[in-house]
Amino acid sequence: MNARRFRVMKVDLSTSKASILKLEGREQALGGSGLCAMLFERFGLIDESWDHPGQPLIFAIGPLTGYFPLMSKTVCAFRSPYHNQYTESHAGGRSALGLRFAGLDALVITGRSERPCILTVGSRNVEIRDAHFLWGMDVIRSGRIIRRMVERAHGHRSILRIGPAGENLSAMACINADTYRHFGRLGAGSVMGVKKLKAIVIMGDSSISLPEEPSAYKKAWKEVYRDVHDSGMMHKYHDLGTPANLERLNQLKSLPWRNLKESFDPEAHRISGETFAAKHLLRNLACSGCPVGCIHVGFVREKFMEDSRYYYLQMAYDYEPIFAVGSMLGIKEPVSVLKLIEKTDRMGLDVISAGVALAWATEATERGIISRDQTMVDLSFGDASAYLEAVTFLAQGTNRFYSLLAQGTLKAAESYGGSEFACVLGQEMAGYATGELFFTAQSLGFRHSHLDTAAYSYEQKHAERDLDKAISFLLDDELSRCLLNSMVACLFSRKVYKKKRLAQCLESLGYVELAQNLDDAASGIRASRWKLRFKTGFDPESITIPRRFFKVVSWKGPADADYLSSLKKAYGDAIRRVAQEEKT
Ligand code: SF4
């Protein structure tokens, strides 16, 4: 462990050269999200577009990764094909511990390979291999082959790969992480695609050292484990998992149905967490370094057409995918929802973006704005078979319509009309029609994600419309998440890893100065992330909230248009001030 310096591997795919950099800056950047911002400041090309070969694709972990439970996430940073601005996407799986056991705090990939390739990174080796035979292949098949290609790997091996959506440079392409996790949103998959990088294999093939005087570390570890395991605070994530939210949100009239034409359906129980657990749950899995195991792997049993044999499809289900290809598309058959999740994953598409985009296309069809000439199948809410085909068209950008839709719903609406009912809040919405605060938070949030702040949760508990209180909540919550995202903790553990506990954990590993400086570091990281967003084109005033959101009726009653507009203006101004803080 080096308390001050980061150890970063930089690989240039254009020259096939790799180097190890030892960089100062731990006190300010911490790791993860902060380290990504620091590395993008150094290697990012501010005046060039997202698809310039020199733009970096960055993966970073934090100082606690590998040492404490649930420090299991990797931050991926890049310039997004969705809006051409600096952004982040986070994923679990095995990549975080893979990087830790490869002896790296971060991996930076620049350049563009001439031919499709696989990059393998370990503690003692870096290799770029030809992978032309994998190009065009879906994520499940390519994963199977890559696992055989690197079968002699030991330790924490992680395989990150893209599907056809990333190869076709869709703004909705994800990076699949170890089959069941994803760097999902804002098009990270296409940043690999434009570099002709089909897959990255991280070999965590070394060991890590523990503190020479381990008593403080042991004490901190035991206390964290006790909170995680014995307190019961994580049980809900293991038991039903996030799908448990579905019925509650439906009861609160906050579950988007059929392109958010409604926020409640009396038959929500058909796709509830209980229904999936009772009939379709195969097993629970966990990210490396996590004792919780919230990954719910479902299954569908299918019969081959030609003979009487059966095969099983497996896919991870969570609340967000169930909303996106379930309620949002009016689908109430769990088997259809699971098949759609599996197909979308297989094609390397972000399931939230794809489901919400297809919901818009369905309503546009109903209104006669587009027809089968564009969609190639008859899209209709509830008809899963048409959506299963449409997912392939969307991933491949089969015609002009799907090419535009793959760049974002509003891009298609610009050409065909229908922007007023596009469910886009900075990017395709997450599954929370809780009200004005969530609509504002996702529209302007750093990742346009429900994970930027807990606005959706705040709004389920606060009926009052208090602008100052709401803005303070957003800013404070983002600040605490900057800290967690720099460690990099799973956000499900945010009640375990309060600031005091993080300081104790850092100190036990010898990061004494860091532990004493967390407030300043978090403020600096928040400011530097926003500074990069603004430098790469972010403008809060240019983001519009489509009319559909002003019509939502939630448990609080109809959305208040004036309050929503005021919130958006106030939050945009606040973010602008945050970005300027660092300049002074
Ligand atoms: S709680 Fe779930 S997402 Fe979080 S680290 Fe554990 S398995 Fe991964």
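This is a predicted model: local features need pLDDT of at least 70, side-chain atom pairs count only at pLDDT 80 or more; totals for chains, interfaces and linings use all residues.
**Sheet S13-S14-S15**

The sheet is open and has 3 strands, arranged in the order S13-S14-S15 with antiparallel pairing. Strand S13 and strand S15 are the edge strands, and each of them pairs on one side only. Ignoring direction, neighbouring strands of this sheet are turned by 30° against each other on average. S14 and S15 are joined by 8 bridges in the antiparallel sense. Across from Tyr312 in S15 stands Arg301. Helix H12 lies across S14 and S15, and its direction makes an angle of about 80° with S15.

The residue ranges of the elements in this part are as follows.

| Element | Residues |
|---|---|
| Strand S13 | 281–285 |
| Strand S14 | 295–303 |
| Strand S15 | 310–317 |
| Helix H12 | 334–346 |

**Helix pair H18 and H25**

Two packed helices are described by the angle between their axes and the distance between the axes. For helix H18 (residues 436–444) and helix H25 (residues 561–581), the axes come within 9 Å and cross at roughly 35°. This crossing of H18 and H25 is right-handed. On the H18 side, the contact is made by Glu436, Leu437, Phe439, Thr440, Ser443 and Leu444. H25 contributes Tyr563, Leu564, Leu567, Lys568, Tyr571, Gly572 and Ile575. Sorted by class, the contact of H18 with H25 has 8 nonpolar, 3 polar and 2 charged residues.

Methods
Residues are numbered from 1 along each chain as its sequence is written. Two strands pair if DSSP finds at least two bridges between them. Helices (H or I, at least four residues) and strands (E, at least two) are DSSP runs, numbered from the N terminus. Axes are lines fitted to C-alpha atoms, for helices over the stretch in contact, and angles run from 0 to 180 degrees between N-to-C directions. Two residues are in contact if their C-beta atoms, placed from the backbone, lie within 7 Å. A crossing is left-handed if the near helix is turned anticlockwise from the far one by less than a right angle, and right-handed if clockwise. Ala, Val, Leu, Ile, Met, Phe, Trp, Tyr, Cys and Pro count as nonpolar, Asp, Glu, Lys and Arg as charged, and the others, Gly among them, as polar.
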